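Q: Could you walk me through this one? I have the sequence open and would like to know what to look at.

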Amino acid sequence: MSDESLRILELSIDRLIERCQTLEAENQRLKDKDAAMKTERSQLLQQHDNTRGKVEAMITRLKAMEQG
């Protein structure tokens, strides 16, 4: 293998290493974002359930007032 071929191979490997590092960093950012979105979704679902409970309680009270 000539020096030129080795140099080209080395450059290609260096580019591959850089690309892998970039993809690993991007993958970690996406995992972090996914975890944050799952947490937010969980909080929103909890809020939704709480609000639903309050609305149902209000409806029950209103029905009781109508009958009373």
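**Starting from K38**

A: Start with K38, which is exposed, with a relative accessible area of 54%. Keep in mind that this is a predicted model.

Q: Which helix is K38 in?
A: K38 is part of helix α1. That helix covers residues 3–67.

Q: And how many helices and strands are there in the protein chain?
A: The chain has 1 helix and 0 strands. Its radius of gyration is 29 Å, against the 11 Å that the globule rule gives for 68 residues, so the chain is more spread out than a compact globule.

Q: What does the C-alpha trace span along its principal axes?
A: About 100 × 10 × 10 Å.

Q: Where is A57, and how accessible is it?
A: A57 also sits in helix α1. Its relative accessibility is 30%, so A57 counts as partly exposed.

Q: What share of the residues count as buried?
A: Of the 68 residues in the chain, 0% count as buried. To be buried, a residue would need under 20% relative accessible area.

Q: OK, the surface then. How much of it is there, and what share belongs to carbon and sulfur?
A: The accessible surface of the chain is about 6,600 Å², and carbon and sulfur atoms account for 56% of that.

Q: Which residues form a nonpolar patch?
A: M1, L6, L9, I13 and I17 form one on the surface. Together they have about 500 Å² of accessible area.

Q: Switching to charges. How many salt bridges are there?
A: The count is 2 salt bridges. One joins the side chains of R7 and E4, at 2.9 Å from N to O. Another joins D34 and K38, at 3.2 Å from N to O.

Q: How far apart along the helix are R7 and E4?
A: R7 and E4 are 3 residues apart in helix α1, about one turn of the helix.

Q: And D34 and K38?
A: D34 and K38 are 4 residues apart in helix α1, so about one helical turn separates them.

Q: Last one, on the overall charge layout. How many positive and negative charges are there, and how far apart are their mean positions?
A: The chain has 12 positive and 13 negative charges, and their mean positions are 11 Å apart.

How values were computed:
Residues are numbered from 1 along each chain as its sequence is written. This is a predicted model: local features need pLDDT of at least 70, side-chain atom pairs count only at pLDDT 80 or more; totals for chains, interfaces and linings use all residues. Side-chain values use heavy atoms; hydrogens and water are left out. Patches are made of residues with over 30% relative accessible area and no salt bridge: like charges are joined within 9 Å, nonpolar side chains (Val, Leu, Ile, Met, Phe, Trp, Tyr) within 5 Å. Accessible areas come from the Shrake-Rupley method with a 1.4 Å probe; for residues, only the protein chains shown count as cover. A salt bridge is a side-chain nitrogen of Lys or Arg within 4 Å of a carboxyl oxygen of Asp or Glu. Helices (H or I, at least four residues) and strands (E, at least two) are DSSP runs, numbered from the N terminus. The radius of gyration is taken over C-alpha atoms; the globule rule is 2.2 Å times the number of residues to the power 0.38. Buried means under 20% relative accessible area, exposed over 50%, partly exposed in between (1.4 Å probe, protein chains only). Lys and Arg count as positive and Asp and Glu as negative; His and the chain ends are not counted. The place of a charge is taken as NZ of Lys, CZ of Arg, CG of Asp or CD of Glu.
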